[in-house]
Amino acid sequence: MKTSQMLIPTLREDPGEAETVSHRLMLRAGLIRKVAAGIYTYLPLGLRVIRKIEQIIREEMNRAGAQELLMPIASPAELWKETGRWDYYGKELLRFKDRHERDFCLGPTHEEVITDLFRREVRSYRQLPLNFYQIQTKFRDEIRPRFGLMRGREFIMKDAYSFDGDEAGAKISYQKMYDAYTSIFTRCGLTFRAVEADTGLIGGDVSHEFMVLAETGEATVVYSDQGSYAANIERAEVLPPSDIDDTPLRPLTLVATPQRRTVEEVTTFLKIAPRQLIKTLLYKAENETVAVLIRGDHALNEIKLARLLHVTEVELAAPETVKSLTGAPVGFAGPVGLQGMRILADHAIKGMRNVVIGANQGDMHYLDANMDRDFKVDQFADLRNAQTGDPSPRGPGALTLAKGIEVGQVFLLGTKYSKSMNATILDDQGQECLAIMGCYGIGVGRTAAAAIEQNHDDKGIIWPFPIAPFHVHLLPVSQSEKTAEATSLLYTNLLAANFEVLWDDREERAGVKFNDADLVGAPFQVVVGDKGLADGVVEVKIRRSGAKSRVAPSNIIAHLLKLSAETNPTRSMCSPSDK
(Lines give C-alpha, C1' and ligand atoms only; values in the text may rest on other atoms or scores of the structure.)
Protein backbone atom coordinates (compact mmCIF):
# COMPACT_ATOMS: atom_id res chain seq x y z
CA MET A 1 0.00 0.00 0.00
CA LYS A 2 1.25 3.48 -0.85
CA THR A 3 1.13 6.14 1.84
CA SER A 4 -0.44 8.56 -0.64
CA GLN A 5 -3.41 6.19 -0.98
CA MET A 6 -4.03 5.78 2.77
CA LEU A 7 -5.39 8.04 5.46
CA ILE A 8 -2.53 8.16 7.97
CA PRO A 9 -2.92 11.53 9.75
CA THR A 10 0.19 11.50 11.95
CA LEU A 11 0.67 14.24 14.54
CA ARG A 12 3.95 15.92 15.49
CA GLU A 13 2.86 16.90 19.00
CA ASP A 14 1.29 14.90 21.83
CA PRO A 15 -2.50 15.39 21.99
CA GLY A 16 -3.61 17.14 25.16
CA GLU A 17 -6.38 14.60 25.78
CA ALA A 18 -4.01 11.60 25.89
CA GLU A 19 -3.43 10.12 29.35
CA THR A 20 -1.43 6.97 28.62
CA VAL A 21 1.33 5.93 26.24
CA SER A 22 -0.99 3.85 24.06
CA HIS A 23 -3.62 6.60 23.88
CA ARG A 24 -1.00 9.17 22.92
CA LEU A 25 0.70 7.01 20.29
CA MET A 26 -2.54 5.70 18.78
CA LEU A 27 -3.62 9.30 18.19
CA ARG A 28 -0.20 10.48 16.99
CA ALA A 29 0.30 7.52 14.63
CA GLY A 30 -3.15 8.03 13.09
CA LEU A 31 -4.68 4.76 14.32
CA ILE A 32 -7.80 6.18 15.99
CA ARG A 33 -9.78 9.39 16.27
CA LYS A 34 -12.20 10.39 19.01
CA VAL A 35 -15.90 10.77 18.18
CA ALA A 36 -17.19 11.26 21.74
CA ALA A 37 -16.01 10.42 25.25
CA GLY A 38 -14.93 6.77 25.18
CA ILE A 39 -16.01 6.30 21.53
CA TYR A 40 -13.45 6.10 18.71
CA THR A 41 -13.22 5.61 14.96
CA TYR A 42 -10.60 3.05 13.93
CA LEU A 43 -8.62 4.53 11.03
CA PRO A 44 -7.07 2.25 8.37
CA LEU A 45 -3.81 1.55 10.24
CA GLY A 46 -5.62 0.89 13.49
CA LEU A 47 -8.17 -1.37 11.85
CA ARG A 48 -5.41 -3.47 10.27
CA VAL A 49 -4.05 -4.18 13.76
CA ILE A 50 -7.55 -5.01 15.05
CA ARG A 51 -8.19 -7.43 12.17
CA LYS A 52 -4.90 -9.24 12.77
CA ILE A 53 -5.71 -9.74 16.45
CA GLU A 54 -9.18 -10.94 15.48
CA GLN A 55 -7.71 -13.44 13.02
CA ILE A 56 -5.41 -14.91 15.67
CA ILE A 57 -8.39 -15.18 18.02
CA ARG A 58 -10.52 -16.89 15.36
CA GLU A 59 -7.84 -19.42 14.52
CA GLU A 60 -7.28 -20.40 18.16
CA MET A 61 -10.99 -20.44 19.06
CA ASN A 62 -11.77 -22.61 16.05
CA ARG A 63 -8.87 -24.90 16.93
CA ALA A 64 -10.35 -25.29 20.42
CA GLY A 65 -13.68 -26.39 18.95
CA ALA A 66 -15.69 -23.19 19.43
CA GLN A 67 -18.27 -22.14 16.83
CA GLU A 68 -18.54 -18.55 15.65
CA LEU A 69 -21.89 -16.79 15.57
CA LEU A 70 -23.04 -13.18 15.82
CA MET A 71 -25.59 -11.90 18.31
CA PRO A 72 -27.34 -8.52 18.18
CA ILE A 73 -25.94 -5.58 20.09
CA ALA A 74 -29.47 -4.64 21.27
CA SER A 75 -31.37 -7.03 23.53
CA PRO A 76 -34.79 -6.83 25.20
CA ALA A 77 -35.15 -6.02 28.88
CA GLU A 78 -37.12 -9.21 29.50
CA LEU A 79 -34.00 -11.36 29.20
CA TRP A 80 -32.04 -9.19 31.61
CA LYS A 81 -34.92 -9.15 34.09
CA GLU A 82 -34.89 -12.96 34.16
CA THR A 83 -31.37 -12.93 35.59
CA GLY A 84 -31.94 -9.85 37.76
CA ARG A 85 -29.22 -7.89 35.98
CA TRP A 86 -31.56 -5.27 34.49
CA ASP A 87 -31.47 -3.45 37.83
CA TYR A 88 -28.30 -4.94 39.27
CA TYR A 89 -25.99 -3.89 36.42
CA GLY A 90 -26.50 -0.21 37.20
CA LYS A 91 -25.93 2.82 35.00
CA GLU A 92 -23.24 1.11 32.90
CA LEU A 93 -26.14 -0.64 31.13
CA LEU A 94 -27.33 1.79 28.45
CA ARG A 95 -31.11 1.41 28.36
CA PHE A 96 -33.52 2.77 25.77
CA LYS A 97 -37.08 2.35 24.52
CA ASP A 98 -38.05 1.50 20.97
CA ARG A 99 -40.95 3.17 19.14
CA HIS A 100 -43.38 0.79 20.83
CA GLU A 101 -42.14 1.85 24.29
CA ARG A 102 -40.49 -1.54 24.89
CA ASP A 103 -37.33 -1.54 27.00
CA PHE A 104 -34.03 -2.56 25.41
CA CYS A 105 -30.35 -2.19 26.21
CA LEU A 106 -27.06 -2.15 24.33
CA GLY A 107 -25.23 -5.32 25.31
CA PRO A 108 -22.13 -4.94 27.49
CA THR A 109 -21.99 -8.74 27.50
CA HIS A 110 -24.23 -11.52 26.15
CA GLU A 111 -24.85 -14.19 28.80
CA GLU A 112 -28.62 -13.63 28.67
CA VAL A 113 -28.88 -13.71 24.89
CA ILE A 114 -26.76 -16.85 24.45
CA THR A 115 -28.55 -18.67 27.27
CA ASP A 116 -31.88 -17.84 25.66
CA LEU A 117 -30.61 -19.25 22.35
CA PHE A 118 -29.37 -22.41 24.07
CA ARG A 119 -32.63 -23.12 25.91
CA ARG A 120 -34.61 -22.75 22.68
CA GLU A 121 -32.39 -24.89 20.47
CA VAL A 122 -30.61 -27.53 22.58
CA ARG A 123 -32.41 -30.33 24.40
CA SER A 124 -30.13 -33.34 24.85
CA TYR A 125 -26.81 -34.10 26.50
CA ARG A 126 -25.87 -35.74 23.18
CA GLN A 127 -25.54 -32.24 21.67
CA LEU A 128 -22.96 -31.23 24.27
CA PRO A 129 -20.38 -29.89 24.80
CA LEU A 130 -21.05 -26.65 22.93
CA ASN A 131 -19.02 -23.45 22.81
CA PHE A 132 -20.15 -20.38 20.88
CA TYR A 133 -18.13 -17.22 20.31
CA GLN A 134 -18.49 -13.89 18.57
CA ILE A 135 -16.35 -10.83 17.86
CA GLN A 136 -18.62 -7.87 18.22
CA THR A 137 -19.05 -4.30 19.39
CA LYS A 138 -20.09 -3.85 23.03
CA PHE A 139 -21.24 -0.79 24.93
CA ARG A 140 -20.76 -0.01 28.61
CA ASP A 141 -21.66 3.48 29.74
CA GLU A 142 -18.55 4.04 31.86
CA ILE A 143 -18.88 6.88 34.32
CA ARG A 144 -15.40 8.14 33.41
CA PRO A 145 -14.10 6.72 30.13
CA ARG A 146 -10.35 7.27 29.85
CA PHE A 147 -7.05 5.99 28.51
CA GLY A 148 -8.25 5.69 24.90
CA LEU A 149 -9.11 2.09 24.04
CA MET A 150 -8.19 0.93 27.56
CA ARG A 151 -11.45 2.05 29.13
CA GLY A 152 -13.88 3.11 26.44
CA ARG A 153 -17.64 3.04 26.34
CA GLU A 154 -17.86 1.36 22.93
CA PHE A 155 -15.33 -1.40 22.30
CA ILE A 156 -14.68 -4.56 20.29
CA MET A 157 -14.79 -7.77 22.29
CA LYS A 158 -14.50 -11.47 21.68
CA ASP A 159 -16.91 -13.24 24.00
CA ALA A 160 -17.50 -16.99 24.16
CA TYR A 161 -19.89 -19.19 26.13
CA SER A 162 -19.58 -22.91 26.84
CA PHE A 163 -22.35 -25.33 27.80
CA ASP A 164 -21.79 -28.73 29.40
CA GLY A 165 -23.92 -31.36 31.07
CA ASP A 166 -21.80 -31.81 34.20
CA GLU A 167 -19.03 -30.22 36.27
CA ALA A 168 -16.32 -32.46 34.83
CA GLY A 169 -17.19 -31.44 31.28
CA ALA A 170 -17.38 -27.76 32.26
CA LYS A 171 -13.87 -27.92 33.71
CA ILE A 172 -12.58 -29.44 30.49
CA SER A 173 -14.20 -26.63 28.47
CA TYR A 174 -12.71 -24.06 30.84
CA GLN A 175 -9.24 -25.56 30.47
CA LYS A 176 -9.54 -25.53 26.67
CA MET A 177 -10.31 -21.82 26.76
CA TYR A 178 -7.51 -21.16 29.24
CA ASP A 179 -5.10 -22.91 26.87
CA ALA A 180 -6.54 -21.11 23.83
CA TYR A 181 -6.03 -17.74 25.54
CA THR A 182 -2.46 -18.68 26.36
CA SER A 183 -1.88 -19.37 22.65
CA ILE A 184 -3.66 -16.19 21.54
CA PHE A 185 -1.62 -13.81 23.67
CA THR A 186 1.60 -15.68 22.97
CA ARG A 187 0.95 -15.41 19.22
CA CYS A 188 0.24 -11.68 19.63
CA GLY A 189 3.80 -11.32 20.95
CA LEU A 190 2.81 -10.21 24.45
CA THR A 191 4.47 -10.82 27.81
CA PHE A 192 1.65 -11.81 30.15
CA ARG A 193 0.54 -13.74 33.19
CA ALA A 194 -2.65 -15.68 33.86
CA VAL A 195 -3.78 -14.85 37.39
CA GLU A 196 -6.59 -15.96 39.67
CA ALA A 197 -9.31 -13.34 39.67
CA ASP A 198 -12.56 -12.26 41.27
CA THR A 199 -15.68 -12.98 39.21
CA GLY A 200 -17.28 -9.55 39.73
CA LEU A 201 -20.48 -8.67 37.87
CA ILE A 202 -20.27 -11.74 35.62
CA GLY A 203 -20.51 -14.20 38.51
CA GLY A 204 -19.39 -17.78 38.92
CA ASP A 205 -16.91 -19.52 41.18
CA VAL A 206 -13.61 -19.73 39.27
CA SER A 207 -11.93 -17.12 37.10
CA HIS A 208 -8.53 -16.19 35.66
CA GLU A 209 -7.47 -12.87 34.19
CA PHE A 210 -4.81 -12.62 31.50
CA MET A 211 -2.61 -9.68 32.37
CA VAL A 212 -0.14 -8.01 30.03
CA LEU A 213 2.72 -6.83 32.24
CA ALA A 214 3.36 -3.11 31.81
CA GLU A 215 4.48 -0.30 34.12
CA THR A 216 1.49 1.78 33.04
CA GLY A 217 -1.09 -0.89 33.90
CA GLU A 218 -4.06 -0.03 36.10
CA ALA A 219 -4.26 -3.45 37.73
CA THR A 220 -1.88 -4.97 40.27
CA VAL A 221 -0.63 -8.51 39.70
CA VAL A 222 0.58 -10.56 42.67
CA TYR A 223 2.81 -13.58 42.01
CA SER A 224 5.29 -15.81 43.77
CA ASP A 225 8.96 -15.15 43.04
CA GLN A 226 9.61 -18.91 43.09
CA GLY A 227 6.41 -20.91 42.67
CA SER A 228 3.58 -20.78 40.15
CA TYR A 229 1.04 -18.88 42.27
CA ALA A 230 -0.38 -15.74 40.63
CA ALA A 231 -3.51 -13.68 41.28
CA ASN A 232 -4.80 -10.15 40.88
CA ILE A 233 -4.73 -7.91 43.94
CA GLU A 234 -8.45 -8.42 44.61
CA ARG A 235 -8.07 -12.20 44.74
CA ALA A 236 -4.55 -12.67 46.13
CA GLU A 237 -4.58 -14.71 49.33
CA VAL A 238 -2.64 -13.68 52.43
CA LEU A 239 -1.68 -16.26 55.02
CA PRO A 240 -2.24 -15.63 58.75
CA PRO A 241 0.93 -14.46 60.50
CA SER A 242 3.13 -17.21 61.85
CA ASP A 243 4.71 -15.09 64.59
CA ILE A 244 2.88 -14.03 67.75
CA ASP A 245 3.93 -11.02 69.84
CA ASP A 246 4.63 -12.20 73.39
CA THR A 247 5.35 -8.76 74.83
CA PRO A 248 3.86 -8.38 78.38
CA LEU A 249 0.50 -6.63 78.38
CA ARG A 250 0.56 -3.00 79.45
CA PRO A 251 -2.41 -1.13 80.97
CA LEU A 252 -4.88 0.58 78.65
CA THR A 253 -4.22 4.34 78.54
CA LEU A 254 -6.35 7.13 77.09
CA VAL A 255 -4.34 9.89 75.36
CA ALA A 256 -5.25 13.08 73.55
CA THR A 257 -4.47 13.21 69.81
CA PRO A 258 -5.84 16.64 68.84
CA GLN A 259 -6.79 16.89 65.16
CA ARG A 260 -4.82 13.70 64.38
CA ARG A 261 -7.12 11.30 62.57
CA THR A 262 -5.13 9.59 59.76
CA VAL A 263 -2.66 6.75 60.34
CA GLU A 264 0.24 8.97 59.36
CA GLU A 265 -0.86 11.83 61.60
CA VAL A 266 -1.49 9.64 64.65
CA THR A 267 1.65 7.51 64.38
CA THR A 268 3.86 10.54 63.77
CA PHE A 269 2.35 12.33 66.76
CA LEU A 270 2.76 9.27 69.03
CA LYS A 271 6.19 8.40 67.59
CA ILE A 272 5.23 4.80 66.70
CA ALA A 273 5.33 2.71 63.52
CA PRO A 274 2.09 2.33 61.50
CA ARG A 275 2.21 -1.44 62.13
CA GLN A 276 1.57 -0.72 65.85
CA LEU A 277 -1.81 0.86 65.13
CA ILE A 278 -5.14 -0.81 64.32
CA LYS A 279 -7.56 1.03 62.04
CA THR A 280 -11.28 0.59 62.78
CA LEU A 281 -13.30 1.06 59.59
CA LEU A 282 -17.09 1.03 59.47
CA TYR A 283 -18.59 -0.47 56.32
CA LYS A 284 -22.15 -0.66 55.10
CA ALA A 285 -23.13 -4.01 53.55
CA GLU A 286 -26.76 -4.01 52.37
CA ASN A 287 -28.76 -3.77 55.65
CA GLU A 288 -25.83 -4.25 58.02
CA THR A 289 -23.00 -2.04 59.22
CA VAL A 290 -19.86 -3.83 60.40
CA ALA A 291 -16.61 -2.70 62.00
CA VAL A 292 -13.45 -3.97 60.34
CA LEU A 293 -10.07 -3.99 62.08
CA ILE A 294 -6.98 -3.75 59.90
CA ARG A 295 -3.33 -3.08 60.74
CA GLY A 296 -2.19 0.49 60.16
CA ASP A 297 0.27 -0.36 57.41
CA HIS A 298 -2.16 -2.67 55.58
CA ALA A 299 -4.89 -1.82 53.04
CA LEU A 300 -8.37 -3.30 53.37
CA ASN A 301 -9.51 -5.37 50.38
CA GLU A 302 -13.18 -4.50 49.82
CA ILE A 303 -13.70 -7.42 47.44
CA LYS A 304 -12.65 -9.87 50.14
CA LEU A 305 -14.90 -8.15 52.67
CA ALA A 306 -17.89 -8.32 50.33
CA ARG A 307 -17.21 -12.00 49.67
CA LEU A 308 -17.04 -12.70 53.42
CA LEU A 309 -20.38 -10.93 53.96
CA HIS A 310 -22.00 -12.62 50.93
CA VAL A 311 -22.91 -9.31 49.29
CA THR A 312 -22.06 -7.87 45.89
CA GLU A 313 -20.40 -4.72 47.21
CA VAL A 314 -19.60 -2.78 50.36
CA GLU A 315 -19.04 0.90 50.98
CA LEU A 316 -17.56 2.98 53.76
CA ALA A 317 -20.17 4.25 56.17
CA ALA A 318 -21.02 7.93 55.81
CA PRO A 319 -19.44 10.32 58.36
CA GLU A 320 -22.80 10.93 60.01
CA THR A 321 -23.30 7.16 60.38
CA VAL A 322 -19.86 6.79 61.96
CA LYS A 323 -20.66 9.60 64.41
CA SER A 324 -24.03 8.10 65.39
CA LEU A 325 -22.65 4.58 65.92
CA THR A 326 -19.35 5.41 67.65
CA GLY A 327 -19.96 8.82 69.16
CA ALA A 328 -16.86 10.16 67.44
CA PRO A 329 -15.91 11.72 64.10
CA VAL A 330 -14.25 9.70 61.36
CA GLY A 331 -10.67 8.87 62.35
CA PHE A 332 -11.35 8.18 66.04
CA ALA A 333 -13.42 4.96 65.91
CA GLY A 334 -12.18 1.96 67.87
CA PRO A 335 -13.37 -1.47 69.04
CA VAL A 336 -13.35 -0.80 72.82
CA GLY A 337 -16.93 -0.51 73.99
CA LEU A 338 -18.29 -0.61 70.44
CA GLN A 339 -21.86 -1.85 70.52
CA GLY A 340 -24.57 -2.82 68.05
CA MET A 341 -22.46 -4.28 65.25
CA ARG A 342 -20.23 -7.22 64.40
CA ILE A 343 -16.49 -6.67 64.70
CA LEU A 344 -14.47 -8.37 61.95
CA ALA A 345 -10.68 -8.42 61.81
CA ASP A 346 -7.91 -9.33 59.43
CA HIS A 347 -5.75 -12.29 60.47
CA ALA A 348 -2.82 -9.96 61.18
CA ILE A 349 -4.65 -8.56 64.22
CA LYS A 350 -4.42 -11.91 66.06
CA GLY A 351 -0.75 -11.64 66.93
CA MET A 352 -0.73 -7.96 67.94
CA ARG A 353 -0.25 -6.66 71.49
CA ASN A 354 -0.21 -3.20 73.08
CA VAL A 355 -1.65 -1.46 70.05
CA VAL A 356 -3.01 2.03 69.39
CA ILE A 357 -6.72 2.29 68.54
CA GLY A 358 -9.35 4.99 68.29
CA ALA A 359 -11.16 5.75 71.57
CA ASN A 360 -14.62 6.54 70.13
CA GLN A 361 -14.11 10.09 71.35
CA GLY A 362 -13.11 13.06 69.29
CA ASP A 363 -9.34 13.80 69.39
CA MET A 364 -8.65 10.75 71.59
CA HIS A 365 -6.90 7.39 71.14
CA TYR A 366 -6.07 4.45 73.39
CA LEU A 367 -2.52 3.25 73.91
CA ASP A 368 -1.69 -0.38 74.74
CA ALA A 369 -5.05 -1.87 73.82
CA ASN A 370 -5.20 -5.66 73.72
CA MET A 371 -7.65 -8.08 72.18
CA ASP A 372 -9.69 -10.27 74.54
CA ARG A 373 -8.85 -8.06 77.49
CA ASP A 374 -10.13 -4.75 76.09
CA PHE A 375 -12.20 -5.74 73.05
CA LYS A 376 -13.57 -8.81 71.31
CA VAL A 377 -13.47 -9.87 67.66
CA ASP A 378 -16.44 -11.79 66.25
CA GLN A 379 -14.66 -13.22 63.20
CA PHE A 380 -11.20 -13.31 61.67
CA ALA A 381 -10.60 -13.55 57.92
CA ASP A 382 -8.15 -12.67 55.16
CA LEU A 383 -9.27 -9.09 54.56
CA ARG A 384 -6.21 -7.20 53.35
CA ASN A 385 -4.29 -6.62 50.15
CA ALA A 386 -1.17 -8.68 49.65
CA GLN A 387 2.17 -6.88 49.93
CA THR A 388 5.60 -7.51 48.50
CA GLY A 389 7.42 -9.96 50.76
CA ASP A 390 4.33 -11.78 52.07
CA PRO A 391 4.87 -15.56 51.93
CA SER A 392 3.24 -17.28 48.98
CA PRO A 393 -0.06 -18.87 50.05
CA ARG A 394 0.63 -21.86 47.83
CA GLY A 395 4.05 -23.25 47.12
CA PRO A 396 7.46 -21.77 47.84
CA GLY A 397 8.63 -18.20 47.63
CA ALA A 398 7.51 -14.72 48.58
CA LEU A 399 4.96 -12.54 46.83
CA THR A 400 5.95 -9.85 44.36
CA LEU A 401 3.73 -7.10 42.96
CA ALA A 402 3.74 -5.84 39.38
CA LYS A 403 1.50 -3.67 37.22
CA GLY A 404 -0.62 -5.26 34.53
CA ILE A 405 -3.31 -4.59 31.94
CA GLU A 406 -6.19 -7.01 31.78
CA VAL A 407 -6.75 -8.15 28.19
CA GLY A 408 -8.84 -11.27 28.78
CA GLN A 409 -10.74 -13.16 31.44
CA VAL A 410 -12.22 -16.65 31.69
CA PHE A 411 -15.05 -17.61 34.06
CA LEU A 412 -16.47 -20.93 35.20
CA LEU A 413 -20.06 -19.77 35.71
CA GLY A 414 -21.73 -22.96 36.87
CA THR A 415 -25.53 -22.65 36.78
CA LYS A 416 -25.80 -18.93 37.56
CA TYR A 417 -27.56 -18.13 34.26
CA SER A 418 -28.98 -21.50 33.30
CA LYS A 419 -30.84 -21.68 36.62
CA SER A 420 -32.37 -18.21 36.45
CA MET A 421 -33.33 -18.70 32.79
CA ASN A 422 -34.30 -22.39 33.08
CA ALA A 423 -31.82 -23.58 30.46
CA THR A 424 -32.09 -27.34 30.87
CA ILE A 425 -31.19 -30.49 28.94
CA LEU A 426 -32.15 -34.14 29.23
CA ASP A 427 -29.33 -36.21 30.70
CA ASP A 428 -28.49 -39.83 29.82
CA GLN A 429 -31.23 -40.99 32.22
CA GLY A 430 -33.87 -38.83 30.56
CA GLN A 431 -33.95 -36.41 33.51
CA GLU A 432 -33.89 -32.66 33.13
CA CYS A 433 -30.74 -30.99 34.44
CA LEU A 434 -29.33 -27.48 34.27
CA ALA A 435 -26.60 -26.74 31.75
CA ILE A 436 -23.27 -25.78 33.31
CA MET A 437 -21.76 -22.72 31.69
CA GLY A 438 -18.49 -20.90 31.25
CA CYS A 439 -17.84 -17.53 29.63
CA TYR A 440 -14.65 -16.13 28.15
CA GLY A 441 -13.81 -12.59 27.02
CA ILE A 442 -11.00 -10.79 25.22
CA GLY A 443 -10.85 -7.03 24.69
CA VAL A 444 -9.62 -6.75 21.11
CA GLY A 445 -8.90 -3.01 21.10
CA ARG A 446 -7.51 -3.25 24.61
CA THR A 447 -5.10 -5.98 23.43
CA ALA A 448 -3.81 -3.61 20.73
CA ALA A 449 -3.40 -0.81 23.27
CA ALA A 450 -1.68 -3.14 25.75
CA ALA A 451 0.77 -4.21 23.04
CA ILE A 452 1.75 -0.56 22.61
CA GLU A 453 2.12 -0.03 26.37
CA GLN A 454 4.55 -2.93 26.38
CA ASN A 455 6.29 -2.14 23.06
CA HIS A 456 7.29 1.47 22.50
CA ASP A 457 10.13 3.95 22.89
CA ASP A 458 10.39 7.74 22.85
CA LYS A 459 10.06 7.75 19.04
CA GLY A 460 6.84 5.74 18.74
CA ILE A 461 5.31 2.29 18.55
CA ILE A 462 7.33 -0.94 18.14
CA TRP A 463 4.76 -3.47 16.93
CA PRO A 464 5.21 -7.19 17.58
CA PHE A 465 5.52 -8.77 14.15
CA PRO A 466 2.26 -10.81 14.24
CA ILE A 467 -0.03 -7.80 14.81
CA ALA A 468 1.88 -5.02 13.05
CA PRO A 469 -0.26 -3.09 10.54
CA PHE A 470 2.57 -3.58 8.00
CA HIS A 471 5.70 -5.72 8.22
CA VAL A 472 7.94 -3.44 6.17
CA HIS A 473 8.04 0.34 5.80
CA LEU A 474 9.64 1.14 2.41
CA LEU A 475 11.33 4.55 2.48
CA PRO A 476 12.76 6.07 -0.72
CA VAL A 477 14.80 9.12 0.27
CA SER A 478 15.34 10.72 -3.12
CA GLN A 479 13.14 11.57 -6.06
CA SER A 480 15.49 10.26 -8.74
CA GLU A 481 14.34 7.91 -11.46
CA LYS A 482 16.88 5.30 -10.31
CA THR A 483 15.51 5.29 -6.75
CA ALA A 484 11.92 5.20 -8.02
CA GLU A 485 12.63 2.15 -10.21
CA ALA A 486 14.49 0.31 -7.43
CA THR A 487 11.74 1.07 -4.92
CA SER A 488 9.01 -0.14 -7.27
CA LEU A 489 10.86 -3.40 -7.92
CA LEU A 490 11.46 -3.95 -4.19
CA TYR A 491 7.78 -3.29 -3.47
CA THR A 492 6.67 -5.85 -6.07
CA ASN A 493 9.12 -8.49 -4.85
CA LEU A 494 8.24 -8.00 -1.17
CA LEU A 495 4.54 -8.35 -1.87
CA ALA A 496 5.20 -11.50 -3.87
CA ALA A 497 7.04 -12.91 -0.84
CA ASN A 498 3.93 -12.22 1.32
CA PHE A 499 5.35 -9.26 3.20
CA GLU A 500 2.86 -6.51 3.93
CA VAL A 501 4.49 -3.28 2.80
CA LEU A 502 3.76 0.40 3.37
CA TRP A 503 5.51 2.42 0.65
CA ASP A 504 6.05 6.04 1.66
CA ASP A 505 5.77 7.59 -1.79
CA ARG A 506 5.28 11.15 -0.53
CA GLU A 507 7.47 13.99 -1.75
CA GLU A 508 8.71 14.69 1.75
CA ARG A 509 12.11 15.21 3.33
CA ALA A 510 13.90 12.07 4.53
CA GLY A 511 13.67 13.22 8.15
CA VAL A 512 9.88 13.46 7.99
CA LYS A 513 9.65 9.96 6.52
CA PHE A 514 12.00 8.51 9.15
CA ASN A 515 10.07 10.13 12.01
CA ASP A 516 6.73 8.84 10.71
CA ALA A 517 8.17 5.36 10.18
CA ASP A 518 9.41 5.22 13.76
CA LEU A 519 6.05 6.53 14.99
CA VAL A 520 3.99 3.98 13.04
CA GLY A 521 6.28 1.19 14.20
CA ALA A 522 6.52 -1.44 11.45
CA PRO A 523 9.08 -4.10 12.49
CA PHE A 524 11.42 -3.36 9.55
CA GLN A 525 12.33 -0.26 7.57
CA VAL A 526 13.98 -0.46 4.15
CA VAL A 527 15.67 2.79 3.06
CA VAL A 528 16.34 3.28 -0.64
CA GLY A 529 18.59 6.13 -1.83
CA ASP A 530 20.91 7.10 -4.64
CA LYS A 531 24.08 6.75 -2.54
CA GLY A 532 23.24 3.24 -1.40
CA LEU A 533 22.18 2.13 -4.84
CA ALA A 534 25.46 3.41 -6.21
CA ASP A 535 27.13 0.93 -3.85
CA GLY A 536 24.64 -1.77 -4.80
CA VAL A 537 22.82 -1.82 -1.45
CA VAL A 538 19.75 -0.63 0.45
CA GLU A 539 19.62 -0.09 4.21
CA VAL A 540 17.51 -2.31 6.48
CA LYS A 541 16.66 -1.10 9.98
CA ILE A 542 15.14 -3.24 12.74
CA ARG A 543 12.68 -0.94 14.49
CA ARG A 544 12.99 -2.61 17.91
CA SER A 545 16.76 -2.55 18.25
CA GLY A 546 17.63 0.19 15.78
CA ALA A 547 20.25 -2.13 14.25
CA LYS A 548 21.01 -1.36 10.60
CA SER A 549 22.48 -3.45 7.83
CA ARG A 550 23.36 -2.84 4.18
CA VAL A 551 21.87 -5.46 1.91
CA ALA A 552 21.89 -5.99 -1.86
CA PRO A 553 18.36 -5.55 -3.28
CA SER A 554 18.55 -9.08 -4.71
CA ASN A 555 19.08 -10.46 -1.18
CA ILE A 556 16.45 -8.38 0.60
CA ILE A 557 13.79 -11.14 0.71
CA ALA A 558 16.12 -13.72 2.26
CA HIS A 559 17.45 -11.14 4.71
CA LEU A 560 13.99 -10.07 5.90
CA LEU A 561 12.82 -13.67 6.18
CA LYS A 562 15.79 -14.36 8.44
CA LEU A 563 15.09 -11.27 10.54
CA SER A 564 11.40 -12.17 10.76
CA ALA A 565 12.23 -15.57 12.18
CA GLU A 566 14.62 -14.01 14.72
CA THR A 567 12.42 -11.13 15.85
CA ASN A 568 8.94 -12.70 15.81
CA PRO A 569 8.40 -13.04 19.58
CA THR A 570 6.57 -16.01 21.05
CA ARG A 571 7.51 -15.38 24.67
CA SER A 572 5.06 -15.75 27.54
CA MET A 573 5.09 -15.44 31.29
CA CYS A 574 1.89 -17.40 31.65
CA SER A 575 1.98 -19.58 34.75
CA PRO A 576 0.07 -22.82 35.23
CA SER A 577 -1.53 -21.49 38.41
CA ASP A 578 -4.00 -23.75 40.19
CA LYS A 579 -7.04 -23.99 37.98
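**Pocket, sheet and helices**

Guide: The second largest pocket holds about 510 Å³ of space. Keep in mind that this is a predicted model.

Visitor: Which residues are closest to the centre of that pocket?

Guide: Pro241, Asp243, Arg275, Arg295 and Ala348, out of the 27 residues that line the second largest pocket.

Visitor: And how does the lining split by class?

Guide: The lining of the second largest pocket has nine nonpolar, eight polar and 10 charged residues.

Visitor: Switching to strands. What is the order in the open sheet of five strands?

Guide: The order is β16-β14-β15-β17-β20, and the pairing is mixed. Strands β16 (315–316) and β20 (379–381) are the edges, each pairing on one side only.

Visitor: How many bridges join β14 to β15?

Guide: Eight; β14 covers residues 278–285, β15 covers residues 288–295, and the two run antiparallel.

Visitor: What stands opposite alanine 285?

Guide: Glutamate 288, in β15.

Visitor: Helices now. At what angle do α1 and α11 cross?

Guide: Roughly 105°, with the axes of α1 (residues 21–28) and α11 (residues 444–454) coming within 8 Å. Angles of 65 to 115 degrees count as roughly perpendicular, so α1 is roughly perpendicular to α11.

Visitor: Which residues meet there?

Guide: On the α1 side, Val21, Ser22, Leu25 and Met26; on the α11 side, Ala448, Ala449, Ile452 and Glu453.

Key: Residues are numbered from 1 along each chain as its sequence is written. This is a predicted model: local features need pLDDT of at least 70, side-chain atom pairs count only at pLDDT 80 or more; totals for chains, interfaces and linings use all residues. Side-chain values use heavy atoms; hydrogens and water are left out. Axes are lines fitted to C-alpha atoms, for helices over the stretch in contact, and angles run from 0 to 180 degrees between N-to-C directions. Helices (H or I, at least four residues) and strands (E, at least two) are DSSP runs, numbered from the N terminus. Angles under 35 degrees count as roughly parallel, over 145 as roughly antiparallel, 65 to 115 as roughly perpendicular and the rest as oblique. Contact means heavy atoms within 4.5 Å. Two strands pair if DSSP finds at least two bridges between them. On a 1 Å grid over the protein atoms alone, a cavity is a set of points where a 1.4 Å probe fits but cannot get out, and a pocket is an open set with protein on both sides within 12 Å along at least five of seven lines; lining residues have an atom within 4 Å of a point. Grid points are joined across faces, edges and corners, and a volume is the space filled by probe spheres set on the points. Ala, Val, Leu, Ile, Met, Phe, Trp, Tyr, Cys and Pro count as nonpolar, Asp, Glu, Lys and Arg as charged, and the others, Gly among them, as polar.
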